[in-house]
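Please look at the sequence and the model before reading on.

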Amino acid sequence: MRPPSLLCLLVPLLLLALGLSLGWALGDGLKGYSGERLAEVALELVPESGATHPVTSVLLNFRGYDTLLELAVLLTALLGIWSLGPAAPPYPPPGLVLASLVGWVVPLLIITGGYLLWVGAYAPGGAFQAGAMLGAAGVTLTLAGHPTGGLPAEPWQRLLAALGTLVFLLMGLGLMALGSGFLIYPKGIAKWLILIIEATATLSIGVTLIAAFLGGRPMSLRNRSR
Amino acid sequence: MNPEILITQMLYGCIGLALFLLGIGSFILHEGLWRRLIALNVVGSGVFHVLVAVAYRGLEQTPDPIPHALVLTGIVVAVSATALALAFGRHLEDQNDHA
Amino acid sequence: MADPYLPLAIVLSSALPGALIFFLDEEFHRLRTALNLFGAIFKLILVGWMIWGVFHGHVYLSHLELLPGLELILSADALSVLFVTLSTVLWLVTTIYAIGYLEHSPNRSRFFGFFSLCVSATVGIALSGNLLTFIVFYEILTLATYPLVAHRGTPEADRGARIYLAYTMTGGVVLLTGAVWLQTLIGPLNFTQGGLLSTAPESLHPQFIWIFFLLLAGLGVKAALVPLHGWLPQAMVAPAPVSALLHAVAVVKAGAFGIVRLVYDLYGVEFAYGLGLLDVLGAFAAATILYGSLKALSQDSLKKRLAYSTVSQVSYIALGASILGPIATIGGLVHLVHQGLMKITLFFCAGNYAETLGIHQVSEMNGVGRRLPWTTLALTVGALGMIGVPPVAGFVTKWYLGLGAADAGAYWAILLLIASSLLNAAYFLPILYRAWFRPPPPSWPEEHRFPTRLETDPALLWPPLITAVLSLGAGLFAAAPFSPLEWVRLIAAREYGP
Amino acid sequence: MLDPLALAVAWPLLGALSITLLPRWAAHLGILAAVGATLSALGVAFAVMDSGSLTSELGGWKIPLGIGLRADGLAAAFLAMVNLVALGVSIHASVYFADSKARHHFWPLWFLLWTALNALWLARDLFNLYVTLELMGLSAAALGALSGTRESISANLRYLLLGLAGSMTYLLGVALLYVAYGSLDLVQVARSLAPGPSSAAACALMIGGLSLKAALFPLHFWLPPAHASAPAPVSAALSALVVKAAIYLVLRLWLDLFAGIANASAAMLLGLLGGSAVLWGSWQALRAERLKLLAAYSTVAQIGYLAMFLPLIAAAADERGRASLLVAWVLLALTHGLAKASFFLATGLVQKTTGHDRIAELGGAAQSLPAATFALGLAGAALIGLPPSGTFFAKWILIQAAIASGQWWWVPVIMLGTLLALGYVFRLLARAFTREPTPPHFVTSARAELSALLLAVLAMLGVGLAARPIANLLGV
């Protein structure tokens, strides 16, 4: 059904007006503000955060709570997808060329992921980028006909998908129980804590992306053999 | 304030706003699920664009890390929502096929 | 020092048993009866305590401040004690009657649960110390009586209940609006002897007139003032104890009581007179009295005839309030009690005819006096009282109303009283004639024999006899201390001051 | 150092994660986590009542660099209500989903939604609010689709997409605020906010985006199909809590963040939308043929009342008038939360017994489930605004404010809305009185029926009569 033509005319006009006023608002905001926003504060405190790259410091330490909830969002999406039903049937097995290519590409993607994770401490990179690489590896495998994109059985998938959030949360609660406060990392070990969180988050993100791509609940082994 | 920075921020910010509005317009005017989903992702990119533009502080300065982090978080959230919506849509299409 | 617990305890003494009764399984017959009677008797004891206390000048005040300006107040003044006593005594009697009436009928837990809530609400209305509290209980009363009217689940019951609800709830919303408007103008609306408004600035008077009509419309629905009475004949589909309660104690009375509060304790009778509002109220009351009686004449259904009689009789209370002067006030207020006693007797009797003999129409009542002599005797006392034959209580009412009207120079009211009494006689006397002097038919429409030597089930027989004796007593011993009349004199003396 | 605010978010999240790992024990872990979350939230509420607002700076970083959590009276009141309702829904769900395939999926998603709700009420960081909104939107849509029917999936897909559009719009507003004021903290931005194009645009974007999520007329169209097609416990949570969260944020931003620039005509616009919602929603509820659709449209109307407060708050003559309107707002919202949850839970029981929820054919079902019918009645009465529910006192104050400020046109809207509500509730309750045989017991399934009944009793008797403590909690 096509929307009525009046709407087609009206909406662009309205959007144009909205755009002009938003542009004006943006310009006004940019011009009107002379301070450094949060940049200076953040950059100053990066050395204390346990990571040397500012974005990582923000994501995992200054605004770690956002990241925790964001991992929960990712998990929600996966659980929602699982609730809809079983995964789609696997892609047909690949030809020889594709199979060998996949054999090359997948390890490469995983290694790249590991590198991005490691480099995130001091340069652009980190858990999300690395997780995306892992996800890409799984997607490649799936496209090449692997029924689960390289993922293990359902209980393990559940563990891996929840691991990032769980470790992050337990660390926060543990620190609180030890008297430090929710998500307050002690200075000396902050670096290692962040690394642990990032590593588990990478795994979870990667696994979640692959599982989401599969598009449904993992089939039990019995079902798969049928 | 340095006019070069301001102009750069404004330029990229306005592109972001334009993306946002294009996406919203497309979202309102078009019916199909996939189109709307893509439109929403365009909307998202527009918003992220504005945030990235704000982070720019001149070539010799480290950009403001806060908006960058916000964008990263936002992208993951948007990806999650898109994934869920795609799964919903696929499920609906499957049901259509069976019906 | 005010006692903060007694008024609340009186409300809860029926509300809590009621809430418990809902949870009882249907077959827990004895437990339910025990809870009912316990609540009724316990409440009676508490009320007795309160009468004693109020007489000795004790102050009873339960209150809960919700927000500044929004306060729930339960307190006892002489007027509330009058109404509380009436509802508590009649509740006990009606409970006994209802237990007998509804034996073996379905959904009794639901019935008695709402029955108790209904009385709690009525008592709450009586004890309300301000308009907010009054409205709270007024609406709870509507909510609690709806299931009683709809109880039988027949299409007619459904229809009657819907009409009842539509009328009363619309009235409730109008009442709420008027109340809030008034409170916006002059602050919290605590019921005060002599009224609240006489000190308000004159510029507000036009608004006061509008508000009076809103409040009167809201209260007039329950009090069945013409043209807002349409629900009352429809609600007759309810079981007899419910009709008895609706007409004599709870709903109609709540409306009339509200009008009394409105005139005496919010506006102040002299202030209302000054604004010309009493004339309007009097006109409505007069119209209602005549209309109800005329309609009653043409009803063959006994309960409908009684219903229209209620429409007419309850307006005596409003009539008393609309005539300036202590004597008319006494006549109106005492009718609150008298009408309750007499009308509940009549409804109990109507229920007995229906339950025992299957008689619903006046035309079927030939010779019932021989089959049910005691019931018919009670009916006779009630009917004569309604007409105003001494020494039954109704006479006292009419006497004082007439005296008051003469005192205030409202001679139209005397004519009205005469006309109405003639009409009352015209629709009640034929019933009595049929019952006593016509020969009985060879068989009754649907006779039901109870395993007893009495003419009908004792739980059905005693209540009308008790209330008939009370109506007689209220008339005969009107001058005795603690009689309704003496108590009402006390109220009137306080309202008009030294 | 124990942080009660973080704990209130952490409990349900921990519940979600543990159930994800151990789906076999979902119901047991679920009840455990529900009780824990409720206790922690009530703990926050009592702490606030005791000692005023609580703030915590997560990660130990000073606001605005770190993210702040804040529980003031308003947040604490809602936190307490939300967790009580959520506990009731959980208990109900433990029976509702007992033999359903959906139970493995319900529990973890439900606790993720619960996490989002608690986090949302405690948030004071504008971007963090965006994340919690998304967490809420995603989990709510996933839960709503659990009934697996075609209509539920397509309705919730629409809900998901619109929600996404709404939160993206909101996020653009946040970005504009960060551009102009250099902070994401609600309190800090509010302190430096000045009238001007950027703050006005941010206000329009954020309030607009949230209105979409709150289903404020005319942006309500997605709500009835989504809420009516979800499983009953989910509908209860969606209608009672999720929508409430969005309208709460509208009020919060309006009063706290944009107080300096939110002018009377903008408030009047929202109020008019609210008034239209009251009439339109109530009318549609009256015409609805299905019970759950009726309940969903009733939510549209109730949101309307909440929006109607804004012009009156703007026009309030003094601080006292504002304060009492705020209390009334909270009373209305809390009562609606409890009552609507109970209403949907009871509806679910009726639906399970009859196999459908067509109002015209309900007949004996209501009669055979006295406790559920009773819950429907009480909750319905609270929705209408019969005393002594909180809605009644809220409407009293609302009418009073309307008359006092000369905006008398709200009075007929409220009266009409109340009468329409009366119509739709009693159209339903009239079905309970039939000539079917008497049910032998009042309660047949204790957990399922009593959870609904208790919520209804709280709505009818709890909130209104507890107005004083609630006002104290709000610091009024």
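## Confidence in the model

The pLDDT is the predictor's confidence in each residue, on a scale from 0 to 100. This is a predicted model, in which local features need pLDDT of at least 70 and side-chain atom pairs count only at pLDDT 80 or more, while totals for chains, interfaces and linings use all residues. Residues are numbered from 1 along each chain as its sequence is written, and chains are lettered from A and ligands numbered from 1 in the order in which they are written.

Helices and strands are DSSP runs numbered from the N terminus; a helix (H or I) has at least four residues and a strand (E) at least two. In chain A, the mean pLDDT is lowest in helix α9 (residues 221–225), at 44, and highest in helix α4 (residues 64–84), at 95. Chain A as a whole averages 88, and 95% of its residues score at least 70. Two residues are in contact if their C-beta atoms, placed from the backbone, lie within 7 Å. Over residues 221–226 of chain A the pLDDT stays under 50, and the model has 3 contacts beyond four places in sequence for them.

## The form of chain A

Chain A has 9 helices and 0 strands. The radius of gyration is taken over C-alpha atoms, and the globule rule is 2.2 Å times the number of residues to the power 0.38. For the 226 residues of chain A the rule gives 17 Å, whereas the radius of gyration is 22 Å, well over that value, so the chain is more spread out than a compact globule. Along the principal axes, the C-alpha atoms of chain A fill a box of roughly 65 × 65 × 35 Å.

A residue is buried if 20 or more other C-beta atoms lie within 10 Å of its own, exposed if 12 or fewer, and partly exposed in between, with C-beta atoms placed from the backbone. By this count, 50% of the 226 residues of chain A are buried. Domain bounds come from an automatic or database domain assignment. The assignment for chain A gives domain 1 (1–34) and domain 2 (49–225), and the centres of these domains, taken over C-alpha atoms, are separated by 38 Å.

## How the chains meet

Chains A and C do not touch, and their nearest C-alpha atoms are 38 Å apart. Chains B and C have no contact either, with their closest C-alpha atoms 42 Å apart.

## The form of chain C

Chain C contains 20 helices and 2 strands. Its radius of gyration is 21 Å, close to the 23 Å that the globule rule gives for 498 residues, so chain C is as compact as a globular protein of that length. Its C-alpha trace spans about 70 × 50 × 45 Å along the principal axes, and 64% of the 498 residues are buried.

Why is helix α9 (residues 240–249) of chain C described as largely enclosed? Of its 10 residues, 10 are buried, so the helix is largely enclosed by the rest of the structure. The buried residues of α9(C) pack against several helices of chain C, including α3 (78–101) and α14 (326–357).

## A hairpin in chain C

Two strands pair if DSSP finds at least two bridges between them. Strand β1 (residues 61–67) and strand β2 (residues 70–75) of chain C pair in the antiparallel sense over 6 bridges. Within this pairing, His63(C) stands opposite Ile73(C) in β2(C). The two strands form a hairpin with 2 residues between them, and Gly69(C) in the turn has a positive phi of about 90 degrees.
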